Amino acid sequence: AMDDVTEVRVAAARALAARGTVEAMEALVDHLRADDIPVFQAAVRSLDVAGSEALAVFVGHFVRENGEVKRQLVNALTAIGPAAEGVLRGCLQHSSPQLRAAAAFPLVTVGGEQTAGALLPLLADADPEVRQAAAAALASLGRTTSRAAVEMLQSDDLQTALAAADALASAGSEVFDELLG
């Protein structure tokens with residue numbers, strides 16, 4: 001059970017997140033600490049009504065946190081659905097390799113095949129975790145993306161070609177049957 005002070009802070013975090021404006025989100029992140037678990041979780045669960053700019057403020061503030069915090073953020077964005085697609089695409093460009101990797105599959109989940117173009121460059125990312133996450137996300141999309149990966153096999157950049165081969169390998173034999181058949 002939460003004490004009275006924590007309950008008030010949880011209610012305030014929910015209210016600010018639920019406002020969904022950039023200004024409210026800025027006020028929230030100024031007073032929210034990721035290690036204040038009940039309050040942080042309440043804020044994350046209330047992000048579904050925030051606009052994409054407000055979401056970007058929240059994500060931008062907390063991406064420097066540990067892996068668990070990033071995982072919670074990405075899970076919240078996935079639960080929000082298509083409205084979070086722009087923020088997830090932005091996460092693919094972030095300097096944190098953990099955030100780039102964490103955002104790959106949720107982006108496919110909320111955006112479908114139209115997100116393949118945003119993920120393909122990650123096959124050549126400097127970080128192996130990012131390349132693997134992108135390959136797995138792309139493989140989940142099936143044949144359309146596999147055709148793009150086949151084209152990337154011919155890249156002059158060895159890392160890109162290897163990542164494309166990994167994406168195809170993780171896609172499974174049915175993809176090869178479709179591509180060859």
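Arg 9 is partly exposed, at a relative accessible area of 32%; here buried means under 20% relative accessible area, exposed over 50%, and partly exposed in between, with a 1.4 Å probe and protein chains only. This is a predicted model, in which local features need pLDDT of at least 70 and side-chain atom pairs count only at pLDDT 80 or more, while totals for chains, interfaces and linings use all residues. Residues are numbered from 1 along each chain as its sequence is written, and side-chain values use heavy atoms, with hydrogens and water left out.

I turn to the partner of Arg 9. Its side chain meets that of Asp 36 in a salt bridge, at 1.6 Å from N to O; the term requires a side-chain nitrogen of Lys or Arg within 4 Å of a carboxyl oxygen of Asp or Glu. Asp 36 lies in the loop between α2 and α3 and Arg 9 in helix α1, so the pair ties together parts 27 residues apart in sequence. Helices are DSSP runs of H or I, at least four residues, numbered from the N terminus. Asp 36 is buried, with a relative accessible area of 11%.

How many salt bridges are there by this rule? The count is three. Arg 100 forms one with Asp 125, the closest N and O atoms being 2.9 Å apart. Arg 100 belongs to helix α7, and Asp 125 to the loop between α8 and α9. Both Arg 100 and Asp 125 are buried.

Arg 89 and Glu 85 also meet in a salt bridge, at 3.0 Å from N to O. Both lie in helix α6, four residues apart, about one turn of the helix. Glu 85 counts as buried at 13% relative accessibility, whereas Arg 89 is partly exposed at 29%.

Terms used:
Helices (H or I, at least four residues) and strands (E, at least two) are DSSP runs, numbered from the N terminus.
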